[in-house]
Amino acid sequence: MDNVALWQGLTLCGIASWVVGSSCLKVTQNFRSLFQPWVAQYVISGTSLTIKIQKYQHGFLDALFSALSCIVSVPFYTAFLPLLFWSGHTKLARQMTLLMAFCDYVGNCIKDVVSAPRPSCPPVRRITATKDEEDNALEYGLPSSHTLNTVCLSGYLLHYVLSYAKIQDISLQFVGFTIVCLLVGFIGLGRIYLGMHSLIDILGGLAIGLIILFFWLSVNEFIDSFIVSGQNVTTFWAALSFLLLFAYPTPELPTPSFEYHAAFNGVAFGIVVGIQQTFHQFHHEAVPRIFTPQLTFGAYVGRVLVGIPTILIVKFCSKALAKRILPVISKPLGIPIKSTCYVPMLNAKKSDEPGYINKLYIFSRPHTFDVDTGIRFLQYAGLAWSVVDLVPSLFSYLTL
């Protein structure tokens with residue numbers, strides 16, 4: 001117990017120290033001044049390659065690469081992971097969820113630290129077929145999140161399948177590895193073709209993705225063991241999630257990247273809390289899996305029909321409650337808040353007197369906190385918790 005508390009305390013203190021120290025030493029600005037000009041030069045020089053690739057413009061290629069971008073996007077994984085939980089492959093689902101959150105945090109941190117531009121449009125033709133792609137175009141370029149996420153998640157999925165099915169056949173392993181490589185290659189080529197990234201962004205996403213994947217494969221069993229049977233899990237993860245909201249670099253100009261991080265940070269917290277509470281009921285290795293007599297395809301369809309509306313209702317209710325509760329809590333604590341979009345009436349209220357919490361800050365100027373971050377975090381935490389706790393309880397009650 002003492003050792004567990006020690007490493008948890010050291011981890012949290014280390015992150016808190018990094019937040020304060022990096023702010024005082026202006027680490028983000030120093031790194032940006034070092035790497036941004038170098039990356040921007042490669043983006044400009046890579047424009048000719050992008051234009052050459054786009055000379056093969058065709059409606060079929062537009063549709064193909066846009067579709068590929070959608071099936072490896074954050075919204076797709078957000079919709080896919082609940083289905084994976086309910087299929088009975090709970091270990092794979094929770095590992096991919098946490099890996100996705102980790103990839104999102106690392107990739108978006110690097111984007112906002114470097115703040116490197118995307119290919120200039122024009123002369124590059126940029127295709128944004130969905131609202132999600134339009135939002136992605138507002139982020140900085142390096143690294144390519146689609147490439148990074150595809151490397152990590154498809155690589156981990158291949159590792160899980162080979163391990164779970166105990167596939168020793170070299171030829172089957174080679175086929176799986178080839179499929180993953182082709183998928184990564186098509187995603188990278190598609191991001192250039194769509195005008196969303198330069199070659200340097202794709203190579204950066206590939207390199208960082210491989211580093212994250214190998215790191216995750218070395219620690220995933222420890223993380224999983226800690227989540228399902230560790231001590232102080234909920235308390236530690238709550239503190240970790242809170243600190244990670246501050247341990248994020250300030251970009252040169254505002255982008256949606258931090259919003260994605262806050263959302264997936266909430267997802268990871270909700271998953272961890274739910275798994276910790278209900279592992280022995282719903283998430284152990286002996287739970288029924290899809291396409292078995294214990295969980296037929298018809299029963300799985302029933303789970304989806306019950307589960308999807310339930311988690312959407314929970315998400316709506318979590319957001320509504322957070323919009324009401326957070327401003328009320330912050331007022332007596334003296335925390336100055338604003339709202340970018342969720343509670344616009346807050347912006348009409350001004351206060352010249354800094355609050356008690358704000359007075360404790362080591363910085364001389366007052367800070368105003370965006371309450372939307374907390375609202376976004378809580379609504380996605382509620383959604384994720386319902387995926388692994390509330391909805392499986394409904395399945396049990398309905399014998400699904």
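Start with helix α11, where Val233, Phe236, Trp237, Leu240, Ser241, Leu243, Leu244 and Leu245 are buried. Buried here means under 20% relative accessible area, exposed means over 50%, and partly exposed is what falls in between (1.4 Å probe, protein chains only). Helices (H or I, at least four residues) and strands (E, at least two) are DSSP runs, numbered from the N terminus. Before going further, a word on ground rules: this is a predicted model, so local features need pLDDT of at least 70 and side-chain atom pairs count only at pLDDT 80 or more, while totals for chains, interfaces and linings use all residues. Residues are numbered from 1 along each chain as its sequence is written, and side-chain values use heavy atoms, with hydrogens and water left out.

Back to α11, residues 233-246. Its 14 residues should span 20 Å at 1.5 Å a residue, and the end C-alpha atoms are 20 Å apart, which agrees. The expected span is 1.5 Å times one less than the number of residues in the helix.

Now look across to Asn265, which sits in helix α12 (residues 257-283). Asn265 counts as buried because its relative accessibility is 6%. Leaving out residues up to four places away in sequence, Asn265 touches Ser241, Leu244, Leu245 and Phe377, where contact means heavy atoms within 4.5 Å.

In the model, residues 226-248 are 78% helix and 0% strand, with end C-alpha atoms 25 Å apart. The span 174-193 is 100% helix and 0% strand, and its end C-alpha atoms lie 28 Å apart.

Next stop, Ser145 in helix α8 (residues 145-164). With 19% relative accessibility, Ser145 counts as buried. Its contacts, again not counting residues up to four places away in sequence, are Asn108, Lys111 and His197.

On to the backbone. Most residues other than glycine have a negative phi, and most peptide bonds are trans. The loop between α6 (90-114) and α7 (131-136) holds Pro122, and a cis peptide bond joins Cys121 to Pro122, with omega about -10°. The bond from Pro122 to Pro123 is cis as well, with omega near 15°. As for phi, Lys26 is not a glycine but has a positive value of about 55°; it lies in the loop between α1 (2-25) and α2 (27-45). Phe291, also not a glycine, has a positive phi of about 70° and is found in the loop between α12 and α13 (297-333). Phe291 counts as exposed, at 64% relative accessibility.

Confidence is highest in helix α10 (residues 199-229), at a mean of 93, and lowest in helix α14 (residues 356-359), at 39. Over residues 351-366 the pLDDT is below 50, and this stretch has 20 contacts in the model beyond near neighbours in sequence.

Key. pLDDT is the predictor's confidence in each residue, from 0 to 100.
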